[in-house]
Amino acid sequence: MPIQQLKEFLDEANVEYMSLTHPPAFTAQELAHHVKIAGDKVVKTVIIELDGKMAMLVMPATWRVRWNSLSNILDTDFVDLADEQTFADRFPDCEVGAMPPFGNLFGMTVYCSESLTEQPELAFAAGSHTETLHMNTRDFLNLVQPVVLNRGFTKPGGRKPAWLLKTCHSHEEEPGQRVSGMA
């Protein structure tokens with residue numbers, strides 16, 4: 001869905017939004033920097049494979065996925081980050097990595113972090129690395145109707161899972177090497 005089609009969809013729904021043009025942003029954090037919006041108000045769109053089916057996760061740009069917790073809350077044996085090559089054709093005319101968080105328009109179930117729903121407004125890549133849409137969160141939720149999850153995500157600086165702490169302390173790091181959790 002090219003950006004013009006997304007704008008037409010929002011216009012037909014009588015939703016107010018603001019379009020912002022900026023230098024290329026390839027991460028949600030860069031987008032937040034370019035449009036001078038707090039990272040918690042910028043939506044990060046993550047495509048996952050959920051028991052063999054594609055689905056979309058949307059969360060604040062500053063948050064990360066907790067894969068074990070997400071698997072538990074979704075009651076599934078398999079949840080993994082989808083390979084870009086696998087889903088690129090699902091988002092025609094969108095630049096890879098700039099998919100708007102409207103998975104419902106692409107035939108995908110959308111799972112949303114509860115923390116994102118608490119923001120009054122949000123911003124997201126609109127199919128391009130140089131254009132962002134900014135809109136009311138309530139309107140987004142009404143149009144997308146995501147499944148809201150209260151677990152499966154972690155805020156930076158938050159408590160690390162016990163298994164990760166054990167892993168970090170039980171391995172001695174070599175110079176120049178870091179042990180990190182899944183993000």
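Student: Which residue takes a positive phi in the hairpin of strand 2 and strand 3?
Tutor: Asp-51 does, with phi near 50°, and two residues lie between the strands of that hairpin. Strands here are DSSP runs of E of at least two residues and helices are runs of H or I of at least four, both numbered from the N terminus. This is a predicted model, in which local features need pLDDT of at least 70 and side-chain atom pairs count only at pLDDT 80 or more, while totals for chains, interfaces and linings use all residues. Residues are numbered from 1 along each chain as its sequence is written, and side-chain values use heavy atoms, with hydrogens and water left out.

Student: Where is Asp-93 found?
Tutor: Asp-93 is in the loop between helix 4 and strand 6. Asp-93 is exposed, at 60% relative accessible area, whereas Asp-51 is partly exposed at 48%. The cut-offs, with a 1.4 Å probe and protein chains only, are under 20% for buried and over 50% for exposed, with partly exposed in between.

Student: Back to strand 2. How many bridges does it have with strand 3?
Tutor: Eight, and strand 2 and strand 3 (residues 53-60) run antiparallel. Strands count as paired if DSSP finds at least two bridges between them. Leu-50 stands opposite Lys-53 in strand 3.

Student: And how many bridges join strand 2 to strand 5?
Tutor: Three, again antiparallel, with strand 5 covering residues 79-81. There, Glu-49 stands opposite Asp-80.

Student: Is strand 2 largely enclosed or open?
Tutor: Largely enclosed by the rest of the structure, because six of its eight residues are buried.

Student: New topic. How much space is in the largest pocket?
Tutor: About 570 Å³. A pocket is found on a 1 Å grid over the protein atoms alone: it is an open set of points where a 1.4 Å probe fits, with protein on both sides within 12 Å along at least five of seven lines, and lining residues have an atom within 4 Å of a point. Points are joined across faces, edges and corners, and the volume is the space filled by probe spheres set on them.

Student: Which residues lie nearest its centre?
Tutor: Phe-26, Lys-44, Thr-45, Val-46 and Gly-97, out of 30 lining residues. Strand 2 gives the most to the lining, with five residues.

Student: What does the side chain of Thr-45 reach?
Tutor: The backbone oxygen of Met-99, at 3.4 Å. A polar contact is an N or O pair within 3.5 Å; within protein, one atom must be able to donate a hydrogen and the other to accept it, and residues adjacent in sequence count only if both atoms are side-chain atoms. Thr-45 is in strand 2 and counts as buried at 18% relative accessibility.

Student: How many aromatic pairs are there in the whole structure?
Tutor: Five. In one of them, the rings of Phe-102 and Phe-124 have centres 5.6 Å apart and planes at 65°, so the pair is edge-to-face. Rings of Phe, Tyr and Trp (its six-membered ring) pair if their centres lie within 6.5 Å, and planes under 30 degrees apart are stacked, over 60 edge-to-face and the rest tilted.

Student: Are Phe-102 and Phe-124 buried or exposed?
Tutor: Both are buried. Phe-102 also pairs with Phe-140, with ring centres 5.5 Å apart and planes at 85°, so this pair is edge-to-face too. Phe-102 lies in the loop between helix 4 and strand 6 and Phe-140 in helix 6 (residues 137-144), 38 residues apart.

Student: Which residues form the aromatic cluster?
Tutor: Phe-9, Phe-102, Phe-124 and Phe-140.

Student: Last one, strand 7. How many of its residues are buried?
Tutor: Four of five. Five bridges join strand 7 to strand 8 (residues 131-136), and the two run antiparallel. Ala-123 stands opposite His-134 in strand 8. The C-alpha atoms of Ala-123 and Ala-32 are separated by 8.3 Å, although the two are 91 residues apart along the chain.
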